[in-house]
Amino acid sequence: MSLVDELKSAVTPRAALLVVGVFALQLLFITSYVGALHNPRPTDVPFGVVAPQQLSPALTERLAQLPGDPLDPRAVASEAEARQQILDRDIDGALVVDPRGRTDTLLVASGGGKVLSSTLQAMMTKLEAAEQRRVRTVDVAPSSSQDFNGLSAFYLVIGWCVGGYICAAILAISAGSRPANRERAIIRLGVLALYSALGGLGGAIIVGPVLGALPGSIAALWGLGTLVVFAVGAATLALQAVFGIVGIGLAILLIVIAGNPSAGGAFPLPMLPPFWRAIGPYLPPGAGTWAARSIAYFKGNGMTASMVVLSVWAVVGAAVTLVLSSMRRTPAAEPIASEVGGVPPVGRTGRRP
């Protein structure tokens, strides 16, 4: 056999295309993670300013004109209102000016990301020192002492996402690269739903009672985890139904390569570059991380948009899977083997017809 024949035998054209696809995913992985995380800096951070009426406009304007646009300041009527807006996740911090003294108060929420709250504290300390003033920091929604750098919610959601797309990939390729018929697709979605419920509960128990990493309602985290796992799994099944085995690679592209670095885990969204900051809230890792932190530290506030995003992924993924599987007409008695590789069934005599 010639070298060319050996090469064709060892690496089929389909395998060569898949290797090229893996190579592209590898480069995209490096580009996405390094591009998103190599130079974090705050940009347009929603920030409240509580100051007397005669001082507020000038101070707000001064903060808005800081080099690099780190803040998006807006006047807030009172400290109580600023605290509430932070708890509602409308702003990430606020400066409360004391006109009778030389010490102002910075309100932050490390539960939304310790890196961001530390950055705001360093920034305000420097600005206040330039005006011969001091600042004291009050953490309105502090993160757990067992939640280092506020990363537990992020890793919890990443674990749920990984389980979702791996489970869906295994279900999708167990009888061929495309759903054979509607009945099998329904069964796979049912199995995925059961797996999602168990995975959501397991994750909530591990980060809560077992490790004590996240406070908040176990039931709420369970519900969130179930939705995250099912949303990712249903999307993977849908992509696999449309594109075959390549769809699994596309799921990795969306969830791992694009979704993880844009989720606001290591660095909250206001510290990410514009592209990742824009896509993060609309992908399951970002929506899930935001919702998990809201449950743990913000009394469940500000979750509506994230839950809608996750629900859309779940519903659309399941719908596409069912529609495409219904359009594929396969005889009910078609053997599994013929789906997998087009291998004819073996007869009773052991010979292939």
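This note sets out numbered remarks on the packing, surface and salt bridges of a predicted model.

1. Main nonpolar core. The largest nonpolar core comprises 56 residues, and within it Leu107 and Leu224 have the most contacts. The elements that contribute two or more residues to this core are α4 (79–87), β3 (93–96), α6 (152–173), α7 (182–210), α8 (218–243), α9 (246–259), α11 (284–297) and α12 (304–327). Helix α8 supplies the largest share, 11 residues. As a general remark, nonpolar side chains tend to be buried together in soluble globular proteins.

2. Leu107 and its surroundings. Leaving aside residues up to four places away in sequence, Leu107 touches Glu79, Ala82, Arg83, Ile86, Asp92, Gly93, Ala94, Val96, Val138 and Val140.

3. Second core. A separate core of 24 residues is also present; its members include Ala51, Leu120, Val135 and Met271.

4. Ser262. This residue lies in the loop between α9 and α10 (274–279). Is Ser262 buried or exposed? Its relative accessible area is 0%, so Ser262 is buried. A polar atom of the Ser262 side chain lies 2.7 Å from the backbone oxygen of Ala258. Residues up to four places away in sequence aside, Ser262 touches Leu269, Leu272, Trp276, Ile279, Gly280 and Leu283.

5. Val34. Helix α2 (residues 13–37) contains Val34. With a relative accessibility of 46%, Val34 counts as partly exposed, because that class covers values between 20% and 50%. Val34 and Pro261 are separated by 227 residues in sequence, yet their C-alpha atoms are 8.7 Å apart in space.

6. Nonpolar surface patch. Leu18, Ile173, Val242, Phe243, Ile245 and Val246 form a nonpolar patch on the surface, and together they have about 470 Å² of accessible area. One of these residues, Ile245, is found in the loop between α8 and α9. Ile245 counts as partly exposed, at 35% relative accessibility.

7. Salt bridge between Glu131 and Arg62. A search of the whole structure finds 7 salt bridges. In one of them, the side chains of Glu131 and Arg62 meet at 3.6 Å, N to O. Glu131 lies in the loop between α5 (114–130) and β5 (134–139), whereas Arg62 belongs to helix α3 (residues 56–64), so the pair ties together parts that are 69 residues apart in sequence. Both partners are partly exposed: Glu131 has a relative accessibility of 40%, and Arg62 has a relative accessible area of 30%.

8. Salt bridge between Arg74 and Asp72. The closest N and O atoms of this pair are 2.9 Å apart. Arg74 counts as partly exposed at 29% relative accessibility, and Asp72 likewise counts as partly exposed at 33%.

9. The side chains of Asp98 and Arg100 meet in a salt bridge of 3.9 Å, N to O. How exposed are the two partners? Asp98 counts as partly exposed, at 26% relative accessibility, whereas Arg100 is exposed, with a relative accessible area of 82%.

Note on methods:
Residues are numbered from 1 along each chain as its sequence is written. This is a predicted model: local features need pLDDT of at least 70, side-chain atom pairs count only at pLDDT 80 or more; totals for chains, interfaces and linings use all residues. Side-chain values use heavy atoms; hydrogens and water are left out. Helices (H or I, at least four residues) and strands (E, at least two) are DSSP runs, numbered from the N terminus. Buried means under 20% relative accessible area, exposed over 50%, partly exposed in between (1.4 Å probe, protein chains only). A nonpolar core is a set of buried Ala, Val, Leu, Ile, Met, Phe, Trp, Tyr and Cys residues joined through side-chain atoms within 4.5 Å. Contact means heavy atoms within 4.5 Å. A polar contact is a pair of N or O atoms within 3.5 Å; within protein, one must be able to donate a hydrogen and the other to accept it, and residues adjacent in sequence count only if both atoms are side-chain atoms. Patches are made of residues with over 30% relative accessible area and no salt bridge: like charges are joined within 9 Å, nonpolar side chains (Val, Leu, Ile, Met, Phe, Trp, Tyr) within 5 Å. Accessible areas come from the Shrake-Rupley method with a 1.4 Å probe; for residues, only the protein chains shown count as cover. A salt bridge is a side-chain nitrogen of Lys or Arg within 4 Å of a carboxyl oxygen of Asp or Glu.
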